[in-house]
Amino acid sequence: MSYWSRDLPGILLTFSLMFSGWPGSAVASDQPVTVNYLVVDEKTQPFQIVSDGQSRGGIISDIVETVFADSAYAVKHHVMPVNRVRQSVTDFKVQNWVTFDSPVWDSFGDKGERVGVSLFETRHVLMTCSPAVPLKVSSVEDLAGLSIVTLRHFDYLGLTKAAEGGLVRSIPVDRYAAGLELVRHGRVDGFIEMVSRLRYHLTKLEGDYACIREVDVSAIIPNYPIQLYVDSRWPMAFKQFVAEKLDAMDREGELERIFRRYVADDAPWPPPSQ
């Protein structure tokens, strides 16, 4: 059953409440339209950085602020756990929202719509201190029988399927530091995540991590794009505004400059035309 048909009474009420917040109304009242920016707590640094419960920048956050700077829109940050972000969108508890996602995750279904060019691409690695991990991973079978740390509530594509099938043992954690400590002390065989995230957290940890090496796992989790997603109920004028701003930022190199503020040493960067 479609979410739209199932929740039609609530949606009609939501639309009536939202009408005064559309851009046309903002022009008439000279009041900015609030853009509810959804920030995942704790788990997406350096994409979104949170400290003491407050949004403190990050790649995606800086991009969002740049898109709406000096415009008819005002960005309001909402920090919440990743599962609550998804549930809030699914249950229509938040409206006029923007956040990030990827087509391979499809976290929001027909509730969300990706707009504009891709912001950057991901690359996944396995950080390990274990001699049992091969120097090269050509398929998930190369990790058979190994214990692999991943972040709880995240999908790792081929690795997730392998764990569900019992080929590898998945060790979910809630914090990067905890996962990296397990790796350092040899309690697991490795930690698979985006290289930008793992390197960001590794530099913030104390202690000796000289044993850790990186193994590319793109054979299991291919590179994929990260894009800006918006509430599908936004009017077309808003979506076009965002798409045009991102396109201009891409042409001028601003997306890459923002990325490299946080990840200077690794960025698989697609040409601007992609």
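**Entry 1, a bridge in the sheet.** I looked up T150 and found its bridge partner in β9 to be P172. Strand numbers, like helix numbers, run from the N terminus and follow DSSP runs (E, at least two residues, for strands; H or I, at least four, for helices). β8 and β9 pair in the parallel sense, over 5 bridges; pairing requires that DSSP finds at least two bridges between two strands.

The model is predicted: local features need pLDDT of at least 70, side-chain atom pairs count only at pLDDT 80 or more, and totals for chains, interfaces and linings use all residues. Residues are numbered from 1 along each chain as its sequence is written, and side-chain values use heavy atoms, with hydrogens and water left out.

I traced an open sheet of 5 strands with mixed pairing, in the order β9-β8-β10-β7-β11. β9 and β11 (213–216) are the edge strands, each pairing on one side only. On average, neighbouring strands of this sheet are turned by 35° against each other, direction ignored. Axes are lines fitted to C-alpha atoms, for helices over the stretch in contact, and angles run from 0 to 180 degrees between N-to-C directions.

I checked burial in α7 (residues 176–184) and found Y176, G179, L180 and V183 buried, meaning under 20% relative accessible area with a 1.4 Å probe, protein chains only. Down the axis of α7 these buried residues fall within an arc of 95°, so they line one face of the helix. The arc is taken over the directions from the helix axis to the C-beta atoms. They pack against β7 (124–128), β8 (147–151), β9 (169–173), β10 (190–194) and α8 (195–202); contact means heavy atoms within 4.5 Å. I also noted G186, which follows α7 and has a positive phi near 70°.

α7 lies across β7, β8, β9 and β10 and runs at about 140° to β10. α8 lies across β7, β10 and β11, at about 115° to β10.

I looked up the axes of α9 (residues 236–251) and α10 (residues 254–262): they come within 5 Å and cross at roughly 75°. That makes α9 roughly perpendicular to α10, a label for angles of 65 to 115 degrees. L246, M249 and D250 in α9 meet E254, L255 and I258 in α10.

I recorded 10 helices and 12 strands. Of the 274 residues, 47% count as buried.

Terms used: Buried means under 20% relative accessible area, exposed over 50%, partly exposed in between (1.4 Å probe, protein chains only). Angles under 35 degrees count as roughly parallel, over 145 as roughly antiparallel, 65 to 115 as roughly perpendicular and the rest as oblique.
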